[in-house]
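Me: I'm new to this one. Can you walk me through it?
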Protein chains: 2
Amino acid sequence: MTKTELLQHIRQTIEESLKATLLELNQNGYEEYYSMLAYHLGWIGDGSGEKATGKRIRPLLLLLVTAAHQADWQVALPSAVAVELVHNFSLIHDDIEDNSQYRRGRLTVWSKWGLSQGVNAGDAMFTLAHLAINKLSEHLPCDVVRQSANLLLQTCLHLTQGQFLDIAFEHRSEVSIEDYWKMIEGKTAALFSACTQLGAIAAQCPPSTIKYYQNYGKALGLAFQVVDDMLGIWGDEAMTGKSTASDLCSGKITLPVLLGLQNNAEFAKRWRKGNIQPSEAKYLANLLAEEGILAATREEADRLTNLALTELSSVHPQGIAGELLHEFTYQLCQRQK
Amino acid sequence: MTKTELLQHIRQTIEESLKATLLELNQNGYEEYYSMLAYHLGWIGDGSGEKATGKRIRPLLLLLVTAAHQADWQVALPSAVAVELVHNFSLIHDDIEDNSQYRRGRLTVWSKWGLSQGVNAGDAMFTLAHLAINKLSEHLPCDVVRQSANLLLQTCLHLTQGQFLDIAFEHRSEVSIEDYWKMIEGKTAALFSACTQLGAIAAQCPPSTIKYYQNYGKALGLAFQVVDDMLGIWGDEAMTGKSTASDLCSGKITLPVLLGLQNNAEFAKRWRKGNIQPSEAKYLANLLAEEGILAATREEADRLTNLALTELSSVHPQGIAGELLHEFTYQLCQRQK
């Protein structure tokens, strides 16, 4: 099997497993309840299709880890489904918390069905995720299932802690770079780290290997978020599908913004006045780039990527899946969208 | 030990266990995150104290079942903590979904900390619940822990299904009595049924006994909700702490309202116009009572209570705890608040 074939096979299986999990909810009288979740996952409704589904990065990462350790990656499918559902639960609630009307060019669940159904749809997705991971028991011993389920729950606790910080920072006059790392460790890196660990746990790797995967996933997740921050200010709108102005205009606390506040008085003065308009965003982005903030952000992303690759190399992932893990890590951190 | 002593001991232990579980969240930098949850549970902030904590009905019910089957009820504490946290998660999100500013005379979490933190606090409480139940593993075999954790998750799925119906019914012109039973089965009865089952599972009762407890809890939960509906229209404001007008004024779909719509043309006409004012509520409540709707609602509650007591008698709960279960069932269904 070539790399392309393996990737295609895994991606297709992820999508089928997600669909099978969701379809159990499509019961008599609950068709609309099911629709909200299927719509969010990009399968039905206006604008459905490949662009709407998202990249399924997390389950892919998870299954590649399992496959890279002489195990059948299909055994880990319940974990893969679970992490993707957790990710999507957090998106549904994030959209409410950030008051976002659109995601990937489509109406968000709460803006389509109302706030109440939006909150509840997120809760349903969240529950489904934790139910899904319990299906590991079809192929794995009880203690491995419990370890996996517990790890996913601990990760969700970190998610809510990161989210708490993110919301709190909006109203805080001073946010340090240290605060920022703490926030994105919870909001982004915790779930990446869970993915890589869950992949190794399903392959029944020894604790020392799982520990390396914990560090690998965390570094990768941090790098992923820093790149996201960068694209949110300097990304090509045509590539990302988001308005590049949006991160500066939404007042989101990101690494470039914090570096800008520290290093450029003009930027800091404008930022503190608030309500940056789309018409100003290009000028401010250039101002930050000229100050060296784009380069500094890129440097942080590269440092974290290298850290991730070092941790990954230590556990010698095998075969095509191992090669794909290295390539995938590199691609995620060099992505333009 | 007398009944009063046992009850007091159990109640105190529930509160201590809940506090110990929550305190793990009170970490450096996350004090406010912890505060939201501790405030909601009635321990801190304006109006904290016994009136604010709620009655802890669900964990009490659960532990009495365990105690009534020759098992140490302390073994079931993780389940008891978990069901109370699930109940409170659902309250935090319900208050958002119902746009309720007050609960038990205190500001709700979302109205105190804002919508975003409110949604996130509910997510945190939810996660904590499912983490808590995994601590059953200290005293019980792995498969019993998994069975318990899965049951709680299935229950949460039912909760979101019931909640979906409740929200959807607000915009539906016709809701049948059958729809109503389906909704409260998810919203209320599923968690009661989980409590009684989890108590029996922790006592390692045979499947046939657990099945009776499933039916008992479901009937009790349905009865509890019907009584709640009754108190929401005819309850004594001084006793319930809620405005008795509130259920009619909020447009909530309850059993008395559905019976009223079927049987009284004047009520139906006024209801369909919407926006019932507090000044009209007393007149409409009397109108429904004169039509026999209060008596019919009471009759339904009694029918369900008897069904619950019959199921309970079938499994012969033992000792003081067994007696307390019978009394508790009766009290919950005859309560005035």
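Me: What rotation superposes chain A on chain B?
Reply: A rotation of 180°, with 0.0 Å of shift along its axis. The RMSD is 0.0 Å. That is the relation of a two-fold axis. Keep in mind that this is a predicted model.

Me: Which C-alpha of chain A is nearest the axis?
Reply: That of A:Cys142, 3.1 Å from the axis.

Me: And how many of the contact residues of chain A recur in chain B?
Reply: 100% of them. The same surface serves both copies.

Me: How many residues does the contact take from each chain?
Reply: 35 residues from chain A and 35 residues from chain B.

Me: Which elements of chain A give two or more residues to that side?
Reply: Four helices of chain A: H2 (31–40), H5 (77–97), H7 (115–133) and H8 (142–169). H8(A) gives the largest share, 15 residues.

Me: What is that side like by class?
Reply: The side of chain A that touches chain B has 16 nonpolar, 13 polar and six charged residues.

Me: New topic. What span should helix H1 of chain B have?
Reply: H1(B) covers residues 3–23, which is 21 residues. At 1.5 Å a residue, the helix should span 30 Å. Its end C-alpha atoms are 30 Å apart, so the two agree.

Me: Which residues of H1(B) are buried?
Reply: B:Ile10, B:Ile14, B:Leu18 and B:Thr21. They cover an arc of only 65° around the axis, so they sit on the same side of H1(B).

Me: What do those buried residues pack against?
Reply: Three helices of chain B: H4 (57–67), H5 (77–97) and H7 (115–133).

Me: And which residues are exposed on the other side of H1(B)?
Reply: B:Thr4, B:Glu5, B:Gln8, B:Gln12, B:Glu16, B:Ala20 and B:Leu23.

Me: Let's zoom out. How many helices and strands are in chain A?
Reply: 17 helices and two strands.

Me: What is the radius of gyration of chain A?
Reply: It is 20 Å, close to the 20 Å that the globule rule gives for 337 residues. So chain A is as compact as a globular protein of that length.

Me: What box do the C-alpha atoms of chain A fill?
Reply: Roughly 60 × 50 × 35 Å, taken along the principal axes.

Me: How many of the residues of chain A count as buried?
Reply: 47% of the 337 residues.

Notes:
Residues numbered from 1 in each chain as written. Chains lettered and ligands numbered in written order. Predicted model: local features only at pLDDT ≥ 70, side-chain atom pairs only at ≥ 80, totals over all residues. Least-squares fit on C-alpha atoms with pLDDT ≥ 70 in both. Contact = placed C-beta atoms within 7 Å. Nonpolar A, V, L, I, M, F, W, Y, C, P; charged D, E, K, R; others polar. Expected span 1.5 Å × (residues − 1). Buried ≥ 20, exposed ≤ 12 C-beta atoms within 10 Å, placed from the backbone. Arc of directions from axis to C-beta. Rg over C-alpha atoms; globule rule 2.2 N^0.38 Å.
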